[in-house]
Amino acid sequence: MTEKIKLYDDSKCTACRGCQLACKQWNALAASQTENRGTYQNPPSLNANTFLLIHYQDYVDKEGNVKWLFRKEACMHCTDAACVTVCPSGALHYNKATGTVGLDHDKCIGCKECVAACPFEIPRWDAATDKVYKCDMCESRIMNNMEPACVKACPTGALSWGPKEKMLKIAAKRVEKLGGNATTYGDKYVKGTHFMYVLKENPAIYADIHKDPSVPLSVTLWKGLLKPLSLLAAGGVLGGAFLHYMIHGPKYPDLPKDENTEGGK
Amino acid sequence: MQKGYVQVTDSYERILHWMLAISCLLLCVTGLGMMFQTFNFIGYLFGGLKSLKLVHNFTGLVFAASLILVIRMWWKEAGVFVFPEDLEWIKVAGGYLWHVDKVPETGKYNPGQKLFFLTVVGAGILMIITGLIMWFPTALPAGLVRWMYPLHALGFVAIFAFFFIHLYLGTIGNPGTVPAMLTGWMDRAVLKKQHPGWLKEMEHEGKLVVYGEEKKSGAHGHHA
Amino acid sequence: MTNHWVDFKNSDVILIMGSNPASNHPVSWKWIQHAVDNRGSKVICVDPRFTQSASKAHLYAPLRSGTDIAFLGGMIKYIIDNKLYFEEYVKNYTNAAFLVNPAFKLPGDNKGVFSGFTNGKYEKDTWSYQTDGAGVIRKDPTMKNPNCVFQLLKKHYSRYTPQLVSKICGTPVDKLIEVYKLYGSTGRPDRAGVDLYAMGWTQHTVGTQNIRTMCMIQLLLGNMGVAGGGVAAMRGESNVQGSTDHGLLFHIWPGYLGTPSGSLATLKAYNEKRTPKTKEANSLNWWKNFPKYSASFLRSMYGMNMGLEEAYAALPKVDDGANYSWLSLFDQMYKGKFTGFFAWGMNPACSGAHSNKVRQALGKVDWMVNVNLFDNETGSFWRGPGMDPAKIKTEVFMLPCAASIEKEGSIANSGRLQQWRYKAVNPVGDSLPDGDIMSEIFFKVKELYEKKGGPHKEAITRLTWPYGKMAGKHFHYDPRKVAAEINGFFLADKKVENPTKKGEFKEFKKGDLVPTFAWLQDDGSTSSGCWVYCGSVTADKGILPMRRDTADPTGLGLTPGWAWSWPVNRRIIYNGASVDLNGKPWDPSRAVISWNGEKWTGDVPDGAGDPGKGRPPFIMKPDGVASLYGPGLADGPFPEHYEPLECPVEKNLLSPQKNNPVIKRFDKPGVGSDLDVYSNVGTCDPRFPFICSTYRVSEHWQTGVLTRWCPWLAEMQPGMFVEIGTELAKEKGIKNGDRCIVSSARGEVECSAIVTPRFKPFDIDGNMIHEIGIPWHFGWITTKDRTYSPGDKKAEVFTHGDSANLLVPTIGDANTMIPESKAFMANVAKKGVK
């Protein structure tokens, strides 16, 4: 496997939303009726038909400088993906070629366990199909040696796609060049994401960004501890019962001594 | 049916018991099918994992309804410990683990059975609440919802283990007890061994229904 | 554009002023980013609003809409004061050394107007150059003579001090200086700067002069003709360059041949009038070839069906002095002067300034043909808001046409690059390619003329139409044949002297393609539909715009084998100015052309001649040099700051002349109509206290006729909004997302409020002035609340609101008549609140 990473560099993103459109086009996703609620950002959030969303944020720093921050939200494709861990059916899976997280809709049973487990709040459930939807890094493209549709559409180079080691180096170099508060985001979490950011500003100032995301403790407890424990406990009981039967024996009624038997036989 | 057998359960009790038991078993099986990808094959029995999930969800509703009725029905008999008798029984572990000359007499249900009942009630309620939230997870914040899963799993750990305990004690561990939940009639001898206190009480109150004899008093009063 | 978008990668400083390429030309940002990443280039954004481009710029400076000349005039002063100009370039390649008539007066000495202002227009006698006895322009190579262009320029802009400019523009002085300093740094030979402008500069009463000011700066800094330089007109439509080349505008024939007026009765008179003459010995004066191009154009129309003079006579003329621009056309239509109207790929009911007037005007014609992909606000104007269909006589015909991907053809983009496009899918339903529709109409009209006759019937009946063939009942138009016709043919066997090699002759046969426009003839032996495109189709290589070779030998992104750009596949025009007098590139690391001892290498040389021969490089100018001083324009040889017609200030801080003195006001008696009203012209009008500007978003195109029907795009930008600064919103009690009414003296439009710190109030001479902004892509036809008749198509995703142009005044630029959409006065209030 050659792990691959999609890199988003917000210092190069002009929020033209070519990516958001390309995503809809390649994945044949329907549009929803929206309205302007006082922002360019639409739809308001990710949904079953929107796997990729450009966030728009006005920001005024302490010196009074105005900034307009853009951020691309989509599945982060964790190396330690809580969604894959919790998925009961194997619909969510690691792509063996790239390490990204694919989603096989034929297998999805709409249990929504991933919806709750994802530390980035990415998967969205759709009532009509009773299935969950998210970016699968365009598996249909990347498995055919094409870049994801969003990367293909990006005019400025804000999005790029390539082998993990190379992209990490590019990201580190870019952070160094940008200086200031610039940093990478994603690589430090969940054993490294396959979609990562170079952020020009301090990540803390980006609205709705997940600070210090990790595989939720609940998921670890559940899948790491309780899941094996359930079999262990049941097995223990069976074993215990067997031992009990063998050693102590069952509790037979004291038939011969029964003085209260009425009517006999 | 042999003459002299004593009626220990009526049909209502038995139906409820089995509704609870079967739904619980079904939930365990279907739950396992979703919990372990190795058990995904269970889904084939239901026409796919998706229908398995539906079966699980709706069986959950049957389980919930059964549990509520069961609690209403058995709470007095199995939901409260009676002291000091129950304590005495617990002290000797009901004679299940080591030899005891005389097992302390308890009511219709011994503390072991009560413990089982309460576990089922507690874990069952946990499963129902967490399960319902898991069914509609988008209604609550993800941070809260995500804790429902380990809790559901925790309930499963308990229920699944207790299921096997119950299976053992209700069958080969205590020979002669199975009919209680099949026909409702039990050999007086078995009863004497397992539930001497209750037998005495019933006899004393004249409520004992014995096969082939006229009923001495009114109907069984659980659901009166 | 002089250069190409790709060439942005060669710029050291990219000034974004008058445009918002990050939003509206997203692909151009690829090259801007390329420059930033690879050259360490700096991006400056000057805009009233903090835009997406501003968010990516290294330096942002706000300015009040309509004050660009003041801002840039201040830059000229800074460049001259600090000697940042490229002296050798200025001296040799511009008219800086030319001596002007001593009687010429600058606005600073003449109450804000140039000398010669009488009766609302300029008599230009005093704007002339001094000449010697032989008619050669007098020059002062030291540029010290007080009447030389350079000294006049210096004097004119000496009034534009940073303090005064700051008071006019509302730009803080330190920001002004920062911009001036950074952009002025490109005056060195080894540095290049480019400005990216679009409608932010053109749509003003001083639009042409806005752009001229920048051209002057580019000339002062030696940024014209070089890689990474130029003045980049970011086109608002993918083929607007092509359509302009081919005669879209009323005042030019294809190839920028001025439209003949009634007084020019003969071709001879027309050629005489339009062919510039010069006494400058070294000047090539390329336009001396005008008669060749006019003759070849006439031949492309009528072939040998008519003589040249006859053909000239057959073609329509404009009335002397008449203006047929958009504002005038719809004014005349409103006054009932039109019988019928073709709205071909246009949506004037939304795109025209003062759309309410346009919509009323559409009801004054007997018939209208709406050729479009979709029904639009124009085709359905009769059932639009406030219309009573029963009272409208106009009969509307809808002709569905094919989309760009449903037909073959070409476009010419901002970089003058003609690219071939192939048909991808068949047209939907009954729709046909425009060429097929035009052909069908042509043959019908021709048939009627032939049967019934009519005035000037030969103008139609004798047209050549070799563009395809009949297939069944339909004429199928072949764009490849049109491409060849645009290139041009020899119409007779002819032996022609090689225009670049004296004494060498070449024989052409009738029907041969003309190799380049240098071979075109004035005797009627050649045809060419648009001379600047001559050379785009060749006998051996076919249609050059089809080429797809990405090889880039210079590394500058010229890619000469990719498609074809006019003229003669030259990628950077005026590139003769990128080398010194001896042919050595100013910046060898960025050499567009260079002389290898025998010939020029690199781009197709422009006006370079042979090195050392002294040929001035701006060969399209009669005198061979670029115009720092431009007496050709209607409103002055130097740009002067005038306030927008509707403006928030009582007076022009620079002079007693508040507005551009030569604009045509439609509210004057006998000019416009009852609907042409303005506010805030003489005094401030409290009803409309805020500056309003219109602009675009990435997601929609033009009036949105194509994009509003696309659910994905409508989803992202679902409707009219108004961007309001945080301070103003607080003052008006408007919260983010509130429904608001934005109104002007001409109309109102409902918008959602975007309350944002990206719009800051301006400190204009001590007054706090607010500006608001609205996009113009919307229209009522794709809204949910309109009335629908059975069979009406409904948008999958509805949009909200109507056109921003409902608010825009009917006032145009003094030279082009483009409406002043970028600076007018308006009010904004929460819906339901007075």
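Helices are DSSP runs of H or I with at least four residues, and strands are DSSP runs of E with at least two, both numbered from the N terminus. The model shown in every figure is predicted.

Figure 1. The peptide bond joining W566(C) to P567(C) is cis, with omega at about -10°. N569(C) belongs to the loop between β21 and β22 as well. The backbone of N569(C) has a positive phi of about 65°, although the residue is not a glycine. The relative accessible area of N569(C) is 12%, so the residue counts as buried, the limit being under 20%.

Figure 2. Q702(C) is not a glycine, yet its phi is positive, at about 50°.

Figure 3. S693(C) is part of strand β24 of chain C. With a relative accessible area of 8%, S693(C) is buried. When neighbours within four places in sequence are left aside, the residues in contact with S693(C) are S65(C), E771(C), I772(C), G773(C), I774(C), S821(C) and K822(C).

**Figure 4. Helix α6 of chain C and the helices packed around it.** Helix α6 of chain C comprises residues 149–157, and seven of its nine residues are buried, so the helix is largely enclosed by the rest of the structure. The buried positions are V149(C), F150(C), Q151(C), L152(C), L153(C), H156(C) and Y157(C). These buried residues pack against three named elements of chain C: α4 (68–81), α5 (87–93) and α10 (207–220). As a guide to reading the view, an α-helix has 3.6 residues a turn, so residues three or four places apart point the same way.

Figure 5. Chain C contains 22 helices and 31 strands. Its radius of gyration is 27 Å, close to the 28 Å that the globule rule gives for 834 residues, so chain C is as compact as a globular protein of that length. The C-alpha trace extends over about 80 × 70 × 55 Å along its principal axes. The domain assignment lists domain 1 (5–238), domain 2 (251–319 + 483–545), domain 3 (326–412 + 417–477) and domain 4 (690–830). Between the C-alpha centres of domain 2 of chain C and domain 4 of chain C the distance is 46 Å.

Figure 6. Buried residues account for 59% of the 834 residues of chain C. Of the contacts in chain C between residues at least 6 apart in sequence, 70% link residues at least 24 apart. Chain C has an accessible surface of about 32200 Å², and carbon and sulfur atoms contribute 54% of it. The chain carries 99 positive and 85 negative charges, whose mean positions are 1 Å apart.

Figure 7. Chain A is assigned domain 1 (4–214) and domain 2 (216–256). The centres of domain 1 of chain A and domain 2 of chain A, taken over C-alpha atoms, are separated by 44 Å. At the contact between these domains, seven residues of domain 1 of chain A meet four residues of domain 2 of chain A. A cis peptide bond links N42(A) and P43(A), with omega at about -5°. P43(A) is placed in the loop between helix α1 (18–26) and strand β2 (53–60) of chain A.

**Figure 8. Chain B and its place among the chains.** Chain B is built with ten helices and two strands. Along the sequence, these elements follow the pattern β-α-α-α-α-α-α-α-α-β-α-α. Of the 224 residues in chain B, 50% are buried. Among the contacts in chain B between residues at least 6 apart in sequence, 67% connect residues at least 24 apart. The accessible surface of chain B is about 11000 Å², with 70% belonging to carbon and sulfur atoms. Two pairs of chains are in contact, and chains A and B share the most contacts. Chain B and chain C, by contrast, do not touch, and their nearest C-alpha atoms are 23 Å apart.

Technical notes
Residues are numbered from 1 along each chain as its sequence is written. Chains are lettered from A and ligands numbered from 1 in the order in which they are written. This is a predicted model: local features need pLDDT of at least 70, side-chain atom pairs count only at pLDDT 80 or more; totals for chains, interfaces and linings use all residues. Side-chain values use heavy atoms; hydrogens and water are left out. The radius of gyration is taken over C-alpha atoms; the globule rule is 2.2 Å times the number of residues to the power 0.38. Buried means under 20% relative accessible area, exposed over 50%, partly exposed in between (1.4 Å probe, protein chains only). Contact means heavy atoms within 4.5 Å. Accessible areas come from the Shrake-Rupley method with a 1.4 Å probe; for residues, only the protein chains shown count as cover. Lys and Arg count as positive and Asp and Glu as negative; His and the chain ends are not counted. The place of a charge is taken as NZ of Lys, CZ of Arg, CG of Asp or CD of Glu. Domain bounds come from an automatic or database domain assignment.
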